[in-house]
Amino acid sequence: MVRKPKNFQLYLQPDGAVTMYIVHSVIRALKPIEQICTNLSADTYVTASAVLPVIHLLEVGFEDDEVDLEIDLTTEEAHLVVKDSLLPAALRRPILAKLHKRFSPSILDEEDIEDMTPQMAAQARIDHRCAVKCNALLTKVSFLDPRYRDELTVGERELAREKLKAELQATLTTTEGAEREQNSPAPVKPSLSGLFAKRRRTMAVDGGNQQQPRPQGSGGSAATPELLFVQELARYENSPKVDMDLDIRMWWKERVDSYPRLAPMARKYLCVPATSTCSERLFSTGGNVVTDTRTCLGGDLSETLIFLSSNKAYIKKPQHR
């Protein structure tokens with residue numbers, strides 16, 4: 001392999017064509033993976049909502065995956081290359097299998113578990129439960145991002161709806177319990193109400209003290225929080241698609257009044273990072289702050305210095321007079 005000095009393009013000697021065919025195939029397969037990893041490793045914008053859509057995108061493939069490489073192989077060299085196994089989709093298949101296992105697991109096969117040792121079987125079950133919980137979280141995150149909402153499967157969207165409705169119900173139950181405890185009446189003095197209870201019940205049956213039912217308004221019964229949430233979900237799902245480069249945080253900020261129940265959930269879940277790169281960067285920053293010559297720094301001061309170092313781009317510098 002020699003490099004031309006003029007146009008810096010590679011040209012091959014005959015015995016290197018097979019090697020270069022494999023190299024170019026691997027590069028073409030991994031190029032979109034590099035772009036995906038770079039995007040998901042960021043910490044200045046929403047990233048976790050793209051994990052499941054990216055997996056579906058890898059399943060479908062890309063436009064240039066089927067384009068044949070412009071590398072001529074002789075008849076003797078061609079039999080050394082199985083072109084189907086060097087297609088980008090085939091080379092990305094092991095990566096896709098790992099992503100499925102971690103973020104979109106299938107039903108655990110008990111037959112495979114039986115062939116494992118007890119320790120490995122227990123670990124496999126734990127990993128599967130964690131992956132199922134991770135998938136449930138990612139479905140909610142992607143569902144609450146209008147850029148990727150329609151990229152989910154029908155089952156994933158249904159799962160996201162069920163999880164969000166259950167979360168709303170749990171929130172309402174917790175709120176009602178807290179309000180009930182807060183508004184519980186103070187202890188009262190003993191009274192004669194118990195003695196007159198039977199007489200009042202008898203009078204109510206006879207109609208002497210029976211209250212007339214309150215008439216309903218023209219609109220019928222008042223809408224429950226669950227019904228309002230379902231209507232809000234329907235309006236959100238019918239909202240138009242947005243541009244992929246849109247700052248989704250600003251999108252939700254501008255629509256807090258339109259989606260008063262979904263907006264807090266979006267604020268809660270869209271801040272989840274897709275990878276641990278953010279925390280790893282923070283550890284690197286901490287290592288630059290707490291050095292061997294600054295081991296006497298206290299915890300509070302170290303935390304302040306790390307915070308300032310990580311956010312120095314947003315801190316106004318003092319003006320020198």
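Student: Okay, which side chains does Asp247 or Arg249 meet in a salt bridge?
Tutor: They meet each other: Asp247 and Arg249 form a salt bridge at 3.1 Å, N to O. Keep in mind that this is a predicted model.

Student: Is Asp247 buried, exposed or partly exposed? And what about Arg249?
Tutor: Asp247 is partly exposed, at 33% relative accessible area. Arg249 is partly exposed too, at 45%.

Student: Where do Lys268 and Glu167 lie?
Tutor: Lys268 lies in helix H12, residues 262–269, and Glu167 is in helix H8. The pair therefore ties together parts that are 101 residues apart in sequence.

Student: Buried or exposed, for Glu167?
Tutor: Buried, with a relative accessible area of 15%; the cut-off for buried is under 20%.

Student: How many salt bridges turn up in the whole structure?
Tutor: A search of the whole structure finds 10. One of them joins Arg161 and Glu237, with the closest N and O atoms 2.6 Å apart. Arg161 sits in H8 and Glu237 in helix H10 (residues 225–237), so this pair links parts 76 residues apart in sequence.

Student: And how accessible is Glu237?
Tutor: Its relative accessible area is 21%, so Glu237 is partly exposed.

Student: Staying with H8, what's the story with Ala166?
Tutor: Ala166 is in H8, which spans residues 154–182, and counts as partly exposed at 46% relative accessibility.

Student: Switching to pockets. What volume does the largest pocket have?
Tutor: About 490 Å³. It is lined by 20 residues, and Lys101, Leu108, Ala124, Asp127 and His128 lie nearest its centre.

Student: Which elements give two or more residues to that lining?
Tutor: Helix H5 (93–103), helix H6 (110–114) and helix H7 (118–143). H7 gives the most, with 7 residues.

Student: Which helices supply at least two residues each to the second largest pocket?
Tutor: H1 and H2 do. The lining of this second pocket divides into 11 nonpolar, 3 polar and 1 charged.

Student: Tell me about H2, then. Why is it largely enclosed by the rest of the structure?
Tutor: Because 7 of the 10 residues of H2, which runs over residues 51–60, are buried.

Student: Which residues of H2 are the buried ones?
Tutor: Val51, Leu52, Pro53, Val54, Ile55, His56 and Leu58. Val54 is also among the residues closest to the centre of the second largest pocket.

Student: What follows H2?
Tutor: Gly61 does, and its phi is positive, near 95°.

Student: And H1? I was wondering which residues make the nonpolar surface patch of about 210 Å².
Tutor: Ile22, Val26 and Leu30 make that patch. Val26 is in H1, residues 17–40, and is partly exposed at 33% relative accessible area.

Student: Last one: where is Phe307, in which helix?
Tutor: Phe307 is in helix H14, residues 299–310.

Student: Buried or exposed, that Phe307?
Tutor: Exposed, at 54% relative accessibility. Gly286 is 9.2 Å from Phe307 in space, C-alpha to C-alpha, and the two are 21 residues apart in sequence.

Key
Residues are numbered from 1 along each chain as its sequence is written. This is a predicted model: local features need pLDDT of at least 70, side-chain atom pairs count only at pLDDT 80 or more; totals for chains, interfaces and linings use all residues. Side-chain values use heavy atoms; hydrogens and water are left out. Buried means under 20% relative accessible area, exposed over 50%, partly exposed in between (1.4 Å probe, protein chains only). Helices (H or I, at least four residues) and strands (E, at least two) are DSSP runs, numbered from the N terminus. Patches are made of residues with over 30% relative accessible area and no salt bridge: like charges are joined within 9 Å, nonpolar side chains (Val, Leu, Ile, Met, Phe, Trp, Tyr) within 5 Å. Accessible areas come from the Shrake-Rupley method with a 1.4 Å probe; for residues, only the protein chains shown count as cover. A salt bridge is a side-chain nitrogen of Lys or Arg within 4 Å of a carboxyl oxygen of Asp or Glu. On a 1 Å grid over the protein atoms alone, a cavity is a set of points where a 1.4 Å probe fits but cannot get out, and a pocket is an open set with protein on both sides within 12 Å along at least five of seven lines; lining residues have an atom within 4 Å of a point. Grid points are joined across faces, edges and corners, and a volume is the space filled by probe spheres set on the points. Ala, Val, Leu, Ile, Met, Phe, Trp, Tyr, Cys and Pro count as nonpolar, Asp, Glu, Lys and Arg as charged, and the others, Gly among them, as polar.
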